[in-house]
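My entries follow in the order in which I looked things up.

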Amino acid sequence: MLLDLTFRRTLLALPALLLCSVAPAQDTGAEVAALLRRADQGSVEQVWEFGRRIGEIKGKEEAIAGAIRRELPRGGDKARLAAARALQEISEGTEFSTDILAALQPVLGSKDAGVLQAALALVARDAYFDRRSLPDLRKSVQPRVADDLTAPAVRVAAAKALWRIGTAAEQALAKRVLKDFVTSSDPRLKVMGALGLAEINDGPDGPGWPVLREIADEPTADGRLASSYLRIENQRRTFDAMLRRLDGGSSVASGADKELALLREILARVDRSHIRGDKVPHKELIENAARGLLRSLDRYSTYFSSKQYQQFFFDLNREYGGIGAFVDFDADDVFSILRPIYSGPAYAANLRSGDKILEVDGWETHGHNSDEIIARLKGKDGTPVKIKVMRRGWREPKDITITRRIIHVPSVNHDLLPGGIGYAEVLRFGSTTADELEKALRDLTRRGARGLVLDLRNNTGGYLEEARDVVGLFVPRNQLVVYTAGRQGPRQDYRTGGEPVAPDLPLAVLINGSSASASEITAGALQDLGRAVLVGKRSFGKGSVQRLLPLACEEPEPFVDQNGNHQWDAGEPFTDTNKNGVYDIGPRIKLTVAYYYLPKGRCVHRQVDIHGKVLNEDWGVTPDKQLEMRDTPTKELWKESVITDLLDKDVFNTYVTKHIDAQQQLFLQLAEGDGADWKRYPGFEEFYKGLDTPLPRDDVRRWLRYAIRGKVSDLRGKAYPGSRALGDFQEDNQLQEALRTVLGKCGTDIRTLDAYKSVLKIGFDTGKSGAKAPAPGRK
């Protein structure tokens, strides 16, 4: 089976999508701002968690870094610590070194010992700093090591940091200070020095080891840490002895085994010296080594552990046994339904967006994380689960029993837009995408669609065969869509098969810098075949084919295939051969085996040499009409912080909840389009004045409408395509350009349609020197 999927980040960061999916709660900038603000209000211990959560926000790393740059001037010391931690989380090297330095330097002058120790601990993570940053860090850290009046805990933390970032002389100073602590008459200082020396790997015969042996049995945090260091040292000695036996008494292997001796020695040194060497199993370290080996060949080849492969497989084939809902903790930190999947049992059982799940089969969700709650919700297809639910407006919670089902998470959303233009958003190329899109196209044409817009923005790919079949919905049979060519075997052509569903309707395809692999095949083939006009920005440039290969060293555990689908499903009996309590599908490697080429012979893959230099300037798919997605102007970035405050107060959802029962039909109309007229919203002026906000009324109107669109999805039993501005014909200028293109081919000027003319954000040629005139009502 040929697979083609772009990963922005390592699969270690993928969510565990086993029962319910977590939907993005808000824009990246707003989410970063909210978490930094919470970090500032929390304890130093909580800073690490907030930094980790920022690092896990869905979106581009640069978008997270940009949001941090904007928010830092408003943040305090703990916000800066969380920001530095987040930047280290998203960094794969030193690319954010300057930003991390900017976040930490002011904190390194803090008078708060706890804050200062935390900052020094982040400095000690030296792999994230480039050489240009180190001199400034040394200037901040070295004086605290040299000064005898520095608080002992801070001085030890500074010494450990200086050991990581300092020159040879500064490292000698750091070690000397820690040894001075060990010789102190104060037992507390002796322990601090001994633990510090163990952390910087002072060697097995250093002066700190006797101190560690004295306290190793104490039931304290220091005692437990000392015990860990001693255990690491014992493991090192045992492993060294094992190596000597393997190598016939020699410390270095020879001949064909010499390369593997390198790995064995590294493992031994990790056991002996690394701060986490006693906590990470050898199996995990070897898996990471395998992953690094493959990634050194190209960025798409990798190793999947059994658990990671299950997550990867699910992300492409989004079917699972459960209740069918997107879930997450809400603003009140209560586990809630973000949005039901409208084809699933939760929606059929009257669960709605915003419902709070208090219990699962009598088990309280409070105090537990998402994985634990999802584990309770999931189960065998056809089995019941009783959920205690609370909804805003109810006097008391209600028990709702839901029968679990195999859930299919749609990969296509569609709608008919004003002017009779069908709009279809393809989220990913999963195993059913072409079938889903065919149904959507038939529905749109039945409803009178005159033209079509296919949105592939932010679609990172999936199955190559699905891309071929999607193209086949628009062009005649036996058309070449793509071909692959690699080292093994002949060229392989992929041609369209069945009869097209929409061969003649005018078509525009939207792409952007996150459209990759299967998306690029689809868009590029439709462009090469002269079937579509492409709108947006140049695509990502991922044109290689990966093959998933099982490994004979770890075969899948045997199971009883009760439903005959040739894969293990939750609830099916299995033989737990490794006794870990969960089904293991076995690891896989994903190898790049070929490049793919579009009908005219162009390869969209962005090829780089070992230094990162791009070798082919014609990579990616370039749209026929290029334009950026309209964004907040720099001079108006202050609005993001104001909007974040309002989102934190939940004012927009509160307004919708207050009015929706009496205004259902109006809200359905406003969700479809409000003509940018805030006067159509009941009680708007009173609501606006009550906010006491510097935001213009039009910005408040826009965010109210976003909240309404989320809420009325439940009323109509169908999600709106896109997310907030993206996919909304009133706010999305790239979509407006695609609509103008398709309407023009239908003989209609978009400016003549009432639904568009007051909300257009695209320019129009004046006929004078190619200048652009703003559309009527353009903001």
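I searched the whole structure for salt bridges and got 43. A salt bridge here is a side-chain nitrogen of Lys or Arg within 4 Å of a carboxyl oxygen of Asp or Glu. This is a predicted model, in which local features need pLDDT of at least 70 and side-chain atom pairs count only at pLDDT 80 or more, while totals for chains, interfaces and linings use all residues. Residues are numbered from 1 along each chain as its sequence is written, and side-chain values use heavy atoms, with hydrogens and water left out.

I looked up aspartate 415 next; its side chain forms a salt bridge with that of arginine 716 at 3.1 Å, N to O. Aspartate 415 sits in strand S11 and arginine 716 in helix H25 (residues 697–716), so the bridge ties together parts 301 residues apart in sequence. Helices (H or I, at least four residues) and strands (E, at least two) are DSSP runs numbered from the N terminus. Aspartate 415 is buried at 7% relative accessible area, whereas arginine 716 is partly exposed at 25%. Buried means under 20% relative accessible area, exposed over 50%, and partly exposed in between (1.4 Å probe, protein chains only).

I then checked aspartate 455 and arginine 457: their closest N and O atoms are 2.8 Å apart in a salt bridge, and both residues are buried.

The salt bridge of glutamate 628 with lysine 537 has its closest N and O atoms 3.5 Å apart. I placed glutamate 628 in the loop between S21 and helix H21 (638–648) and lysine 537 in the loop between S18 and strand S19 (544–550), 91 residues apart. Glutamate 628 is exposed at 53%; lysine 537 is partly exposed at 25%. I also noted one network, in which salt bridges with shared partners join Asp674, Asp698, Arg701, Glu731 and Lys761.

For the sheet, I recorded six strands in the order S11-S12-S13-S17-S18-S21, open and with mixed pairing. Strands S11 (412–417) and S21 (625–626) are the edges, each pairing on one side only. Two strands pair if DSSP finds at least two bridges between them. S18 (residues 533–536) and S21 pair in the parallel sense over two bridges, and valine 535 stands opposite lysine 625 in S21.

Last, I looked at glutamate 465 in helix H19 (residues 464–471). Glutamate 465 is partly exposed at 23%.
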